[in-house]
Amino acid sequence: MGAVNRITATEAARNFSEILNRAAAGEATEVVRNGSPVAVIGPVRSTLLPASRFGDLLRSAPSVDSDFGADLDAIRTEAGLPESPWPS
């Protein structure tokens, strides 16, 4: 994030639509109450993996070994989850 715009909570309440427009444009706004920061309103940072990288991720993942299914069953049992509805 670049420079952060600071405003009071009262200003934020009166100008919320403008703050959202600024967030959509990539700007962050720090909201201050009684001189102390209480919130930052800014653009959403995507946590999703881009589709272009998903194939790379799958190719770099380790191979599934022959014990994988048994390991999942043991985890389900330990966690008290029902058996898989999809038989192998």
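Buried means under 20% relative accessible area, exposed means over 50%, and partly exposed lies in between, with a 1.4 Å probe and protein chains only. By that scale, E27 is partly exposed, with a relative accessible area of 28%. Keep E27 in mind; we will come back to that residue.

Now, some ground rules. This is a predicted model, where local features need pLDDT of at least 70, side-chain atom pairs count only at pLDDT 80 or more, and totals for chains, interfaces and linings use all residues. Residues are numbered from 1 along each chain as its sequence is written, and side-chain values use heavy atoms, with hydrogens and water left out.

Let's start with charges. How many salt bridges does a search of the whole structure find? Five. To count, a side-chain nitrogen of Lys or Arg must be within 4 Å of a carboxyl oxygen of Asp or Glu.

Look at R22. Helices here are DSSP runs of H or I with at least four residues, strands are E runs of at least two, and numbering goes from the N terminus. R22 is partly exposed at 29% relative accessible area. E18 is partly exposed too, at 38%.

Back to E27. The side chain of R22 also meets that of E27 in a salt bridge, 3.5 Å from N to O. So E18, R22 and E27 are linked in a network of salt bridges.

Next, helix α4, residues 68–79. R76 and D73 are three residues apart in this helix, separated by about one helical turn. They form a salt bridge, with the closest N and O atoms 2.9 Å apart. D73 is partly exposed, at 43% relative accessible area.

On to the strands. E30 lies in strand β2, residues 28–33. Is E30 buried or exposed? Buried, at 12% relative accessibility. Its side chain makes a polar contact with the side chain of R6, at 2.3 Å. A polar contact is a pair of N or O atoms within 3.5 Å; within protein, one must be able to donate a hydrogen and the other to accept it, and residues adjacent in sequence count only if both atoms are side-chain atoms. Leaving out residues up to four places away in sequence, E30 touches V4, N5, R6, I7, P37, A39 and V40. Touching means heavy atoms within 4.5 Å.

Strand β2 pairs with β3 in the antiparallel sense, over five bridges. Pairing requires at least two DSSP bridges between two strands. R33 has S36, in β3, as its bridge partner.

Which residue takes a positive phi in this hairpin? N34, near 50 degrees, in a hairpin with two residues between the strands. N34 is not a glycine. Most residues other than glycine have a negative phi. N34 is found in the loop between β2 and β3 (36–41), and N34 is exposed, at 78% relative accessible area.

Last stop, the surface. L49, F54, L57 and L58 make a nonpolar patch of about 370 Å². Patch residues have over 30% relative accessible area and no salt bridge; nonpolar side chains (Val, Leu, Ile, Met, Phe, Trp, Tyr) are joined within 5 Å, like charges within 9 Å. Areas come from the Shrake-Rupley method with a 1.4 Å probe, and for residues only the protein chains shown count as cover. L57 belongs to helix α3, residues 51–60. L57 is partly exposed, at 43%.
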